[in-house]
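Biologist: I would like to learn how to read contacts and pockets in a model. Please walk me through one.

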Amino acid sequence: MPRANSPPPSDGTFEQLTRRFRPGLMAFFLRRVKNHAEAEDLTQEVFVRLASVDADRLQSADAYVFSMAMNLLRDRSRRHQVRFDHRSSAVAQEDAGVDVLDAQRVAAGQQELSVLTAALRELPERTRSIFILYRMENVDKREIGRAFEISLSSVERELARAMAHVTRRVKDEA
Amino acid sequence: MKPNTESVQNDPIEEASAWCVRLADGCLSEQAQTEFDAWRAVPENARAFDDVAGTWQSLEATSTSPELIDMRRDALESFRRSHASQWNRITRHRHLFIALAAGVAVVLIATLLLHLAPLRYETGIGERLQVALSDGSMISLDAQSRVDVRYRDDRRELRLVGGRAKFDVARDPLRPFTVTAADKIVVATGTQFSVEVVASQVHVILYHGSVDLFTDAAGEKPKPVQVKQRASVDAPRHAGATLAPGEEMISTTQLATAEVKLADLVRSAAWETGQLVFTDETLEAAVERMNRYARTPLLVGDARAAAIRISGVYAAGDTDAFVEGITGVFPVRIEVSGGQRAFVSVR
């Protein structure tokens, strides 16, 4: 019999997953399917599946998320084998190569961790705070703008600046 | 203009970072998608984007390192300080503030009430209804059916309280579309499917796209239903609780399991045009469907009659033809009592 409660994902869970995994998942799928809409669908499917997974398990489980993404891709290319034969063989080839977002690669090594933290420390204090609030604390851009009394586009500029700096440092080390 | 402006604007890492920060907020608008794809078509940009996205992902692992925890504490502290200083300024204009707060409260309560009360769409005996929802999704309701719709910023929650409905879901990846029926939840994005509650079973038929079926037990996280049996043309096309187009999932309420079979997509949607098509179904389920269109509902008198499996096509509302058809072919007869007709088995 119908009941009155309605459980699906608690407030914020979805935004949090989006914040943490969307850029990586989109990069992951875009490299393999070459079609924005399909990459978007696949990313979305990962989130839908994650909704049924114990959230606690996800705290330290980016490897889990990306192996889920990989499985999804395999399922899909198997299903589309006839139509997308050339594509699925391309996927297989790329799998053999080195990949920035490989499930194993995602768990950063100790050395990379210290490069990342050093790069964050080099940022101006306010830029660092804004970046950490957004990336780690899941605070909305608008809310950050209100707190620091700057416009939304300024928040975005600060975030992009922080990202670019950290990425360059990681590349310098490599 | 500073002389180096141009070189900064053309720096792929800077641009990739800007895109990354936009992607982390959710779906891009169609125009932004086109811009992004065009930008990414340059191999150097695509590489830069992979680098930035990789860094974004690596940061995940740092978030619990001791140094990062210090930085996070500092960041939250400065966030709080900034908020607090604004608050102090506001309280200086106390009267204005109170007036504003009262206004905000009224709006909040109104919004809250709107959010709490779902929109209800209901049909009576013999009625069918087409509903266009605010996001462009469509519901087609069978007779004697009810759907409650509750749209929130981050999700679209619907509940099939009884009967049958077909859903055409407008694509919005940031707001999952869920339909709860009895103790099952169907999760969809951009897709077309129908859900029906009949004879203590939930039936989900998928026309386009993809849906997942979860159990909805009180106080527990939704779990994917377990598929016990699956009849598919080309082996398992989808794993687990995910349906492929053309499949029908049948799950008995109170059970966490389901059976998947192939559906006849044309015939199964015939109810939308007033035809009820039964394919190897129990008399109980068929009568329940006929009754959605019957002013005087038919009854099923005993378990043996209820379990008889029937096939056939009937016009919705033509109860007499149905009774005649069934009693002519199957070992049942009609018993009339108190003005109601009941099928009873012939022993």
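Modeller: Start with a term: a salt bridge is a side-chain nitrogen of Lys or Arg within 4 Å of a carboxyl oxygen of Asp or Glu. By that rule, 11 salt bridges are counted between chain A and chain B. Over all chains the count comes to 34.
This is a predicted model, where local features need pLDDT of at least 70, side-chain atom pairs count only at pLDDT 80 or more, and totals for chains, interfaces and linings use all residues. Residues are numbered from 1 along each chain as its sequence is written, chains are lettered from A and ligands numbered from 1 in the order in which they are written, and side-chain values use heavy atoms, with hydrogens and water left out.

Biologist: Which residue forms a salt bridge with B:Arg72?

Modeller: A:Glu137 does, with the closest N and O atoms 2.6 Å apart. The pair crosses between chains, from the loop between H7 and H8 of chain A to helix H5 (residues 66-92) of chain B. Helices (H or I, at least four residues) and strands (E, at least two) are DSSP runs, numbered from the N terminus. Another pair is B:Glu67 with A:Arg121, at 2.0 Å between the closest N and O atoms.

Biologist: How many residues does the contact take from each chain?

Modeller: Contact means heavy atoms within 4.5 Å. Chain A gives 75 residues and chain B gives 75 residues. Buried area is the accessible area (1.4 Å probe) that two parts lose on being put together, summed over both. Here that is about 6600 Å², with 59% from carbon and sulfur atoms.

Biologist: What about the largest pocket? How is its lining read?

Modeller: On a 1 Å grid over the protein atoms alone, a pocket is an open set of points where a 1.4 Å probe fits, with protein on both sides within 12 Å along at least five of seven lines; lining residues have an atom within 4 Å of a point. Grid points are joined across faces, edges and corners, and a volume is the space filled by probe spheres set on the points. The largest pocket has a volume of about 700 Å³. Its lining has 37 residues, and those closest to the centre include B:His203 and B:Glu281. S16(B) gives the largest share, eight residues.
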